[in-house]
Amino acid sequence: MILFFLSSGLFLGWSLGANDAANVFGSAVGTKMVSFRKAAIIASIFVILGAVIQGAGATHTLGKLGAVTALGGSFTVALAAAVTVYWMTKFKIPVSTSQAIVGAIIGWNFFVGSPTDIKVLGKIVSTWVMGPILGAIFAILLFYVQHLFFRVVKIHLLKQDAYIRFSLLLVGAFGSFSLGANNIANVMGVFVLAAPDSYLDFGLFKLNGVQQLFLLGGVAIAIGIFTYSKRVMDTVGNGLMQLSSKSAIITVLANSMVLFVFSSTSLSNFFVSIGLPPIPLVPVSSSQVIVGAILGLGLLKGGYNINYKMLGSIAAGWVATPFIAGILSFIALFFISNVFLIPVSSKSVVKKQQPKVIKIDSSQIKNIIVPKDTSDTLLKNKKLLNQN
Amino acid sequence: MFFKKTKSTIRDIDEFLDTVDQGILVFKEGVKSYLNEDDESFQKNLENLYKLEAKADKKVLRVQNEFFEHSLIPQYSADVVKLLDSLDDIIDTAKENLYQYDVEIPFIPKKLKDDFLKLLDVSCSAAEAAIPAVRSFFNNPSGVKDNEHRVYFYEKETDGLAADLKRKIFKETKHLKLSQKIHLRYFTLHIEQISDKAEYSARILSALAIKTKD
């Protein structure tokens, strides 16, 4: 039964793999610098590693937004987010898995009457704004570093090509790790309460219950990468702006860095240790960050080759996603709890309707009077029926 | 894995460029020896040019295969292949032209010998300037401009010299028959062609340099 409930999370994981892996390897595969097979293998391995090793940080914050306390609720919330992502992708509207899950959780909060922690919501929404901005800043800085490097070090064009290929694989691996670490919260975050208590012993290392859950989510993402991301990878990168292989490295690295910053507990602890405020560990949308990075590069080059129409549709998608997911989640929760009678939160224990039993005192029986004329009418009717 | 393939392709490109460069020198020597009526040297140069042209063809084909097979610099591979093809065209044209001297044995009056030599020098200079420009594209794309302007300069010079020579052929060599004049004009065009081909390579190179500029 648990596996059935997890299926919606796995579906969401599959959607995430199909879409967001393209943010990491899309430009490399699209420009034919890296073959899809190579990209898919590396992305799958590192997404799973990132999810299992470093996935807890962002999950914790998502849990604070709305701790979905029943498996039925988790199933519905993840399903609403997954359907939103799937359909928006189907209609070619850019979509963020992080926004979809946050919208769906808020839908759950509304449905069960649980208050939404505005402080946590503010923290998450602020990273939706900060993510792309940080992506753009990182991309601009990396562009200058790269520019300086190639100006100082003269490398043969073909050697440069080989280095870029190799770097794309390295950066892609880092990006996949960060994607797994940051976005596993979207996929499995709502199921954390259903994680088993037991440890899974692999001999060299042990996985606790939550890590086992993340491993499963990571595998779902990997399947998404292998089965559906090729098409997205082939088209990504050139949609918003035509990217060169050098720019591809910059955007992917900027994206990976932003995802890493928002999911690394160690980095956040390091910030605290040197007297700086902690970094909010929040699931950030890799789609948004990569758009920010590409925009940063585009603006740096004068902004003339940016596809502004596409940018407008991306921005519209950003606004629409949480609302659609929230509304869908609310409606789905209503059906799940009232039609299928599955509890969606620990508060909502659905009572089965019992037949009403009226206790009658034996003394009252004597007082019941059967009206004479009723029985007479019945007899008359019976006679009439027989005659006909 | 990445670098092994790369090294062999770089070596092949370098060898191809060397071959084209040598081919231009041999063509120049071949025409000079024809003008100097040194038949032995002419035949030797012609034979050499045949070998170099065959070698260049083989090399450029190998480089093209390596580019497409291993999808090297995929965004620009088609342009790079086109560039190398255009360089191969220079040596092809040189071979074809020198062969025409051997077959048609044009009569070049002594009076026009210096003009032909000058035209030959300038036209071949355009082709010679194209080689370092292409080398610099691979090693330091920002340096392409420093070399390619020489190609345009020599090509323009060649056009001027060729026009003067043609005028001279038709106006000042009254002792020649019209058929001889036309024949000489034809060989002027042959020499001129070398710089035209070099100019075409330079144009492809300019476009590539802009495309690869980030």
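1. Chain B exposes about 10,500 Å², of which carbon and sulfur atoms supply 51%; accessible areas come from the Shrake-Rupley method with a 1.4 Å probe, and for residues only the protein chains shown count as cover. The model is predicted, so that local features need pLDDT of at least 70 and side-chain atom pairs count only at pLDDT 80 or more, while totals for chains, interfaces and linings use all residues. Residues are numbered from 1 along each chain as its sequence is written, chains are lettered from A and ligands numbered from 1 in the order in which they are written, and side-chain values use heavy atoms, with hydrogens and water left out.

2. Chain B has 6 helices and 0 strands, where helices (H or I, at least four residues) and strands (E, at least two) are DSSP runs numbered from the N terminus. Of the 214 residues in chain B, 50% are buried, that is, under 20% relative accessible area, with exposed meaning over 50% and partly exposed in between (1.4 Å probe, protein chains only).

3. Most residues other than glycine have a negative phi. B:Ile105, in the loop between α3 and α4 (110-139), has a positive phi of about 40 degrees and, at 58% relative accessibility, counts as exposed.

4. B:His149 belongs to helix α5 (residues 144-171) and is partly exposed, at 46% relative accessibility. Its C-alpha atom is separated by 9.9 Å from that of B:Ser206, 57 residues apart along the chain.
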